[in-house]
Amino acid sequence: MDPDHQLFSIATDSSLPIYRQLMEQVQRLIAAGVLAPDDILSSVRQVARTLAVDPMTVSKAYRLLEMEGVLERVRGQGMRVALRHTDKHAQRQALLLPSLKQAAREARQLGLDDHLSLELFKKALNEAK
């Protein structure tokens with residue numbers, strides 16, 4: 001599988017470091033079922049070349065994902081999605097929760113009540129279809 005050129009992208013204007021962007025993208029692709037257990041990821045050099053980033057950045061993302069048990073190193077093949085059984089529903093919730101917490105903090109800072117905040121979220125969901 002050669003997902004990097006089609007699935008990975010970086011936002012140079014983001015405050016999130018590039019390695020974190022890559023990590024989150026891998027986690028989201030796994031949670032969505034786009035990357036499945038045993039799928040081999042493209043090499044560090046390939047991803048770095050495709051995205052025009054430092055190979056050390058990609059290596060750091062892969063290494064941290066390996067430490068978290070998301071990826072595993074396979075001799076002679078590189079990194080693959082770990083062969084572990086996880087609850088995809090729980091993974092998706094865990095990936096969304098930080099964004100929801102941030103939105104909740106912003107709603108509190110703006111002094112919006114819970115009812116209005118939920119209505120705004122429902123509106124955003126409907127617009128995202």
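Helices α2 and α4 (55-67) each put at least two residues into the lining of the largest cavity, and α4 gives the most, with four. This is a predicted model, where local features need pLDDT of at least 70, side-chain atom pairs count only at pLDDT 80 or more, and totals for chains, interfaces and linings use all residues. Residues are numbered from 1 along each chain as its sequence is written, and side-chain values use heavy atoms, leaving out hydrogens and water.

So what is the cavity like? A cavity here is a set of points on a 1 Å grid over the protein atoms alone where a 1.4 Å probe fits but cannot get out, and lining residues have an atom within 4 Å of a point. Around it sit Phe8, Leu22, Met23, Val26, Val47, Val58, Ala61, Tyr62 and Leu65; that's nine nonpolar residues, no polar and no charged.

Now follow α2. Leu22, Met23 and Val26 are among its buried residues (under 20% relative accessible area, 1.4 Å probe, protein chains only). After α2 comes Gly33, with a positive phi near 85 degrees.

Over in strand β2 (residues 78-81) you'll find Arg80, buried at a relative accessible area of 19%. Its side chain makes a polar contact (N or O atoms within 3.5 Å, one able to donate a hydrogen and the other to accept it) with the side chain of Glu72, at 2.6 Å.

Notes. Buried < 20%, exposed > 50% of the residue type's maximum accessible area, 1.4 Å probe, protein only. 1 Å grid on protein atoms, 1.4 Å probe; cavity = no way out; pocket = protein on both sides within 12 Å on 5 of 7 lines; lining within 4 Å. Nonpolar A, V, L, I, M, F, W, Y, C, P; charged D, E, K, R; others polar.
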